[in-house]
Amino acid sequence: MDKLKNYALLLCTLLFSLSFAACSDDDDPVYQGDPYPEELIGTWYYTSDVYVTFNSNGTGTLTMPADYSEANKMDAAPTAATTPSEAAAKVKSKILAVSSGAVSYSFTFSYEASTNTLQISFNNLIEKYIITSISSSQLVLTSTEGSVKTYTKNSSEDEDSESDSADTSTSDTIPSSLIETWSIAGTALFTINDDGTITFASDDTPVTMPYTYDANTGAVSVGGEVFLYVMDVVNNVLFAQMPDTEGVLDTYTFFPLTTADEWTIADISTLIGKNWYVAMEGLEVNLYFESSSTGVMTGVGDNSGTESFTYTYDTETKMVTFTIDSNGQKYYFEIYCLTDWHLIVMNYDDDPESEGDLLEMVAIE
């Protein structure tokens, strides 16, 4: 409840007063009120980068720069948490960079005509404001503490149309295969929604922002910057490239989010005769298991090169031990999930007693 209250305070503070205001923690359902003034529907600006959208279905979205949260000593932007995979951590850092320009929060609202009261509900936490005046271009709200704020609407906006948080006017239709929660090594990273928005995972509050999609280049852009380029979707796995801070493209494989209780381990023979591919942090590797004891590892791109290996498998511990033919170096990974197309392992590199790092691989032709 404390965390929800913080979010509600942020909503109340930035949207309506930009100063701290008390919010009720009343858990009663939001009052389904009288018909609201038709002028209310649309996007209202407090500043050019702090604005609120009211939709005709009683929902709304608040958008603001992430640094407003810092000014109010609240952490609204997502943070890159420690994850089992450094690849996931790197993607989270990219997500932070993309989403730090603006954050969006959803709410519901209702209206009480007899008192001109606008009731805002964020996660069942409620704040009320009096609509002091409203026209097609100006909205004046007074908080219960007496703070008065004025908002303006773009005169070119259609007052009777429902505004949406996602501007898809220049966006191509995104393939349905991309509408998914994408993860690396069991860590949810982002969800491409079917309403033209993308939700970035966070340890605190997820951030939802509009995106555009370019079918010619495969670019998914957020805030005018390319978040990733879609290369392909194979076996429900997303192959994509993400530009780093210097514009260099790194290749990643993103997987639909699954939980550990969904993971199964097929017979070890399932590995044989397939190329198992992983891409992370600029590293691309293919593992090809030729037989029950031999295989070939091939690097891709900057990591090109081929090494043959022998391997053994412990059916009890699920540990695979690799021995590189050229130098006798041993490497270890423990199988967590194995199907005919999906492999999840705990990679220990050359030290089976180390903490390890989860890796996900996909079988490709």
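User: Where does Pro243 lie?

Analyst: Pro243 lies in strand S15; strands here are DSSP runs (E, at least two residues), numbered from the N terminus. This is a predicted model, where local features need pLDDT of at least 70, side-chain atom pairs count only at pLDDT 80 or more, and totals for chains, interfaces and linings use all residues. Residues are numbered from 1 along each chain as its sequence is written, and side-chain values use heavy atoms, with hydrogens and water left out.

User: Is Pro243 buried or exposed?

Analyst: Pro243 has a relative accessible area of 13%, so it counts as buried. Buried means under 20% relative accessible area, exposed over 50%, and partly exposed in between (1.4 Å probe, protein chains only).

User: How far is Pro243 from Phe227?

Analyst: The C-alpha atoms are 7.3 Å apart, with a separation of 16 residues in sequence.

User: And the rest of S15, how many of its residues are buried?

Analyst: Six of the seven residues in S15 (residues 237–243) are buried.

User: What does S15 pair with on the S14 side?

Analyst: S14 (residues 225–234) pairs with S15 in the antiparallel sense over five bridges. Two strands count as paired if DSSP finds at least two bridges between them. Asp232 is opposite Phe239 of S15, and Val230 has Ala240 of S15 as its bridge partner.

User: What sits between S14 and S15?

Analyst: Two residues, in a hairpin; Asn235 in that turn has a positive phi of about 50°. Most residues other than glycine have a negative phi.

User: Which other residues have a positive phi?

Analyst: Among them are Asn116, with phi near 55°, and Asp349, with phi of about 50°. Asn116 is in the loop between S4 (103–112) and S5 (117–122), while Asp349 belongs to strand S23 (residues 342–349).

User: How accessible are Asn116 and Asp349?

Analyst: Asn116 is partly exposed because its relative accessibility is 35%. Asp349 is partly exposed too, at 43%.

User: Back to S15. How many bridges does it have with S16?

Analyst: Six, and the pairing of S15 with S16 (residues 249–256) is antiparallel. Gln241 is opposite Thr251 of S16.

User: Which strand holds Thr253, and what does Thr253 touch?

Analyst: Thr253 is in S16. Leaving out residues up to four places away in sequence, Thr253 touches Ser183, Ile184, Val237, Leu238, Phe239, Tyr277, Val278, Ala279 and Glu360. Contact means heavy atoms within 4.5 Å. Thr253 counts as buried because its relative accessibility is 3%.

User: What do S14, S15 and S16 belong to?

Analyst: They are part of a barrel of eight strands, closed in the order S9-S10-S11-S12-S13-S14-S15-S16 with antiparallel pairing. From one strand to the next, the twist averages 35°. For that angle, axes are lines fitted to C-alpha atoms, and angles run from 0 to 180 degrees between N-to-C directions.

User: New topic. How many residues are in the largest nonpolar core?

Analyst: It has 32 residues, and Phe190, Leu228 and Phe254 have the most contacts inside it. Strand S12 (residues 207–214) gives the most to this core, four residues. A nonpolar core here is a set of buried Ala, Val, Leu, Ile, Met, Phe, Trp, Tyr and Cys residues joined through side-chain atoms within 4.5 Å.

User: What does the second core include?

Analyst: That separate core has 20 residues, including Leu40, Tyr105, Phe109 and Leu139.
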